Structure formats: structure tokens, C-alpha cells
Amino acid sequence: MSEFKLTSVEEFEQATNELLENGAKVGADAWQFRVKNQTPHCKFGEQGTCCRICTMGPCRITPKAPRGICGCDVHGIVGRNFLRFTAGGSATHSDHGREICHTLHEADPNGNYKVKDPEKLIRIAKEWGVETEGKDIYDLAHEMSELALLEYGKPFGTQRFLKRAPQHTQEIWEREEIAPRAIDREVACSLHMTHMGCSSLPEALVRQSLRSGLSDGWGGSMMGTEFSDVLFGTPKPIETEANLGVMKEDEVNIIVHGHDPSLSEMICEYADDPEMIAYAKEMGAKGINVAGVCCTSNEVAMRRGVPMAGNFLQQENVVLTGACEAIVVDVQCIFPALGPLSKCFHTKFVTTSPIAQMPDAEYIRFNAKTAGENAKAIVKMAIENFKNRKPELVHIPHMKQKATVGYSFESIIKTLDKVTNSQVDQTGTLMPLWQCVASGVIRGAVAMVGCNNPKVRPDTAHIELMKKLIAHDVIIVASGCSAQAAARAGLMDKRAKDLCGAGLKRVCELADIPPVLHMGSCVDISRMMVLVAELAKIGNVNISQLPVVGCAPEWMSEKAVSIGNYVVATGIDTYLGVEPYVSGSTEVTGLLTNGVRDWVEAAYTVEKDIDKLGDAMLARIEEKRAALGV
Ligand code: CUV
Ligand code: SF4
């Protein structure tokens, strides 16, 4: 095996520059150019001080005009904008979760979707107090999917999954009145609260932001994760590869992009179909290669080992290779730029969801009943497009790294059994992890999550922070585009253990894991919530006492704010490398970075200097350790 070396950000950039040159040959646009046209950004927007929720406005707050026409001050305006931003993210994750519940409702032993993890379904059913004895697994699936869907609109009570949290956390949520009720209710309530003439009190707006976030993390996202596992299998450690070099010159390249695994799973099925492979050969290709971008990539990488071509800011790059026969998308984080860009090449840009329709695309409406036919049609379209490739435009940067992925909560528990030593008799629990943390072999853990953002040199913050943290014996759990940055750099190669401090290196060797564990897509941050909840229980401490922090150094989406809010509201300090649009209000900023600590025992830190951000996290971890006396 060749010698192990991380791929550097400079190498990433070199590849991107070559691809931009490739694009220049056909007049392709790219985000790098559009950023130039959009900067500097509007100050009112950046600071959150523009209000346009009624047509008396828009109102912009300046020293000369400190109040909107209705008399709302800057804190009310910033707070309302922040809550709406959160609600957007919460709605998005939760609606994704809802789609999965609907897919579960379609599960059929002879249909497109099966129950691949019946044990997990039974486990959740028992957790929810549903009778499982003697029940057909598909009947149970349908019953559970209906109950899950009711969580979105039930008139009374709070989210079922909240019971997974430690008692202390549940008490905080009750005491602070932030325990989420029906998932949709929190989104609707957020929109209601921010209507003209409702709330303008920052405390009330931030409180609802936390509740709306919690309805995502411990509601909609958790539905998405849990029932995706039931349908498609709970991830187990699996080998894969990452970066643009996973695309193949002599095969039909199909790129899946978006979030909902219902589509990508089906595409993978048909790309493996002997009939389709034979057809690809007939068309002059050696085979069919599926690779992914963004979270749908994470979903199929975690369960099938499908390679990850790139993360968010690489989505145009896959087309710029000139070797992409089809980029097939479902929902979220898809650049509308892909439409016009695909026209510069032979690439088919295929949209599939009524929720994400875009110009210059081929729209093949995908649904659970016709999923098989839809997927087959898409794969066929890609195969037939192979002959339209222009050889002079094909440029695949030959860069990729090996990665071991698939660290669901369940597989982490199984993996940990390997580090169980003689003093530990609790197998099948997080006890070994707790002991590693308590003894200081591992100093703590950081959840690295979130997107890329042109405001940060792409992937640098993710990769540099991870390198720094693992060198200090801090283990990383990663998801979303952060996980893909790690994989592309090589940090999910088990050999990356050599970059760790002595303690973490030893744990990596004993458990046979990489130092950065891929836990999945953005909705799978719910897996991290389960992990910290169980770790707190086994260590008999509160979540806020754990030497654990969350970090989104390059985030960009509304979803990321919703995530941040539920991570903070769960008692985990959260570090951001990009500013949310709240700097215009000292009160809202003060609440988020400090005030909410009185409610939920955690808060945000915003720091654009990546090195300082890393130092702040390490200091916080050590502070928590000292307070615990470990
Ligand atoms: Ni859902 S939300 S750019 S794909 S992590 Fe990636 Fe992850 Fe952000 Fe989108
Ligand atoms: Fe202006 Fe008030 Fe209307 Fe907002 S709600 S646009 S601040 S008048």
C-alpha cells in the first residue's frame, strides 16, 4: 500500500482551478465568480437589521432611524429574523423526516421499499409503547409510520423522543418551556410569533428559537434518521473513498445530490442491476459508477460504501469534470446554478422532487410507489448520455482518499466492545468510551458538522480544526459536509491515527477506528444527541458537564442554525466560524452567546479566526474536565 499522506487544501484548490479552466473553455459560470459580484454584502442583511415582514416597510435600523414604522426596535427585528431563520431550517429537516415516514408507510415485502432493519423497528416500537408481539413486521412498520406522522401535528403533549434524554435535560426543557410539542406546531408558532405585531421581546424569540430547534433535533431529524435506518439498514463500518478522483473516465458517472435517501438508494439499486450494467456496456462504457455530493452522499456512503465525490462547494466541480452523465438531485443544498452549468456540458441535470424544482433541468417526478420505474428511467438516461461526452472536455482530478465510514450510534457501541478492558464488565454500552474520557486517554469529543461557505476558504476550517483537535487527543464525530471534508483530506483513513496524540492513537488502534468518525448526514446529528445522552447517563453526569462541544466552522444554511439551537439547548456549547445575522442586536447576541446558558447550561461562541476557535474549544474541554475533577 502506498504511503499515507493527507491531501492538502492547496491540492484541493489546484484541482478546482484546473476544473475552472476546463469550464472556461465552454463559458461556464461558477460560485467563485458569483461571489465577486455579490461582495461586499448588504450590511443590514448581515447584521439582521432589515425587517420586511409587513408592507409598511421594509424598515432598516440606523442610528438616525432606531425604530421601524411600527416602533419595533433593533432587538425585536434581529430576534424575529433569527427565529424565522431557525424555523426555516427546522421545517426543512423535519419535512425530510416526514418524507421518510411516508416512505415507511409504503414499505412492502414485494414493493420498492423493504424493512431492512426489523430489530430497530421493534426497538423503537417498544420505546413508544407499541405492542409488537406476534405482529407482522410490515403491519408494525405501517402502524409506526402513522404514529410518527402524528408527531408532526398532535394536539397535546411533547415529542416522544425527548424521553431519550437524561432526566435532568428533560427537566430543563420543561422548566424553560422549550420542550417541543408537535413538530409542525413549533414551525407554525415561530411564524406566528414573528408576524407583524406579535413578539418583539428578544427573550421570547430566542426561547422559541431553541424550541423550534429542539423540534428538529429531537423530533423531525430523529424521525429521519431512525426510520431511514429501519428502511435502508443501520450503518455499520464500511470502506469507501472520497474526492473527485472517485469519478471514472471509462464508466457512466451518476452523481446523486441532495438529502433524501429514498431516491439515492433506488438509484444505487438500479445502477447495480445486471441488465443496466449490460446496457451500459452496450453503450460503450465499462460500467456504471454512482458517487455522491452533500448529505445524500453521506446516506449512501454510510450504508453502501458508495464513494463521496465532494461536499457542498464541490457540486459544480463534478459537472466541470466533463465526465458526469447525470447529476440527480432530490432536495436541499442544490445550486440552481447546476441547470445552466449542465447545459455547457453533456450532463443531464435531473430534478425529482416537487419541493425542489429548478429551471434548465429534466424533471422526473419521483415517488415511493413508482420509485423503481423512476430510478430505472434515470439510470437509463444517464447510460444513453455516455456517448455524448466530449473527450476533449473530460478532466477528472486524480485525487481521492480511503475512508472508513458508517459509525451509527449502534455501530459505535459494537466497536467499543473491542476496547473493553478487564476492569470493564459492561459490554454493549458506552462504558469503555466513558472510561477513556474519564481517565484522560481521550480528553473529550467534538462534533464537527455543517456546510462549506465561500466566506471561509473551503474545507480549511474543517480540516485544520480536526487536525488540531485529534493531535490533542480529542476524538471527532462528524457529519454533513464536514465529514466529507475529513474524508477527502484522508482523516477517515485509519492510518490518520498517526496524527493523533498518544492517547487517542491508542484508542484508534485498539478499536480499529479512524480518529474522525463519520456519523452520517445532517439529520444524523440526532445520532450525536443519542450518543451524548447515553454518555451522560453512563457517566452519571449532566450532558453540560461532558467535555464535549459542537462546531460548525463553515456553516451556511438555515438548517445549521436550527441544529446549533438544538445542540445548545441540549446542553452542549457550540462554536461557529461564520456569524449568524444577529450582530445588529447586542441583546440577541448577548442571549445567544451568554444569556441562554442560564436556561440550558450551554451557549454559542462565534469566532472567525479558526486557530482561536480551536483554542477556545480545547480550553472549554479542559475546563469541563477540571470541573468534573477528571
Ligand atoms: Ni445536510 S446543510 S451544505 S448538505 S452540511 Fe452540507 Fe449537509 Fe450544509 Fe447542506
Ligand atoms: Fe417595519 Fe414594523 Fe413592518 Fe417590520 S413589522 S417592516 S419594522 S413596520
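Helices (H or I, at least four residues) and strands (E, at least two) are DSSP runs, numbered from the N terminus. This is a predicted model, in which local features need pLDDT of at least 70, side-chain atom pairs count only at pLDDT 80 or more, and totals for chains, interfaces and linings use all residues. Residues are numbered from 1 along each chain as its sequence is written, chains are lettered from A and ligands numbered from 1 in the order in which they are written, and side-chain values use heavy atoms, with hydrogens and water left out.

**Cavities**

- The whole structure holds three cavities of 30 Å³ or more. On a 1 Å grid over the protein atoms alone, a cavity is a set of points where a 1.4 Å probe fits but cannot get out, and a pocket is an open set with protein on both sides within 12 Å along at least five of seven lines; lining residues have an atom within 4 Å of a point. Grid points are joined across faces, edges and corners, and a volume is the space filled by probe spheres set on the points.
- The lining of the largest cavity has 39 nonpolar, eight polar and one charged residues. Here Ala, Val, Leu, Ile, Met, Phe, Trp, Tyr, Cys and Pro count as nonpolar, Asp, Glu, Lys and Arg as charged, and the others, Gly among them, as polar.
- Domain 2 (244–393) and domain 3 (405–628) both supply lining residues, so the largest cavity lies between them. Domain bounds come from an automatic or database domain assignment.

**Annotated cysteines**

- An unreviewed UniProt entry marks Cys51, Cys54, Cys59 and Cys70 as "binding site". These four span 20 residues in sequence, yet no two of their C-alpha atoms are more than 10.7 Å apart, so they gather at one spot. Cys51, Cys54, Cys59 and Cys70 are also part of the lining of the second largest cavity.
- UniProt positions are given in the numbering used here, feature names are shortened, and annotations may be inferred rather than shown by experiment.
- The second largest cavity has about 70 Å³ of space. Its 13 lining residues include Arg80, which is among the closest to the centre.
- UniProt (unreviewed entry) also lists Cys42 and Cys50 under "binding site". Cys42 belongs to the lining of the largest pocket. It sits in the loop between α2 (31–38) and α3 (43–47).

- The largest pocket has about 720 Å³ of space. Of its 27 lining residues, His41, Asn453, Pro454, Lys455 and Tyr581 are the closest to the centre.
- Helix α2 gives the most to this lining, with four residues.
- The second largest pocket has about 500 Å³. Of its 23 lining residues, Glu99, Asp260, Ser353, Pro354 and Phe366 are the closest to the centre.
- Six residues, the largest share of that lining, come from α4. Domain 1 (45–232) and domain 2 (244–393) each give at least three residues to it.

**Sheet**

- Six strands form an open, parallel sheet in the order β13-β12-β11-β14-β15-β16. Two strands pair if DSSP finds at least two bridges between them.
- β13 (516–520) and β16 (604–606) are the edge strands, each with a single partner, so one side of each has no neighbour in the sheet.
- Strand β12 (residues 474–479) pairs with β13 over four bridges.
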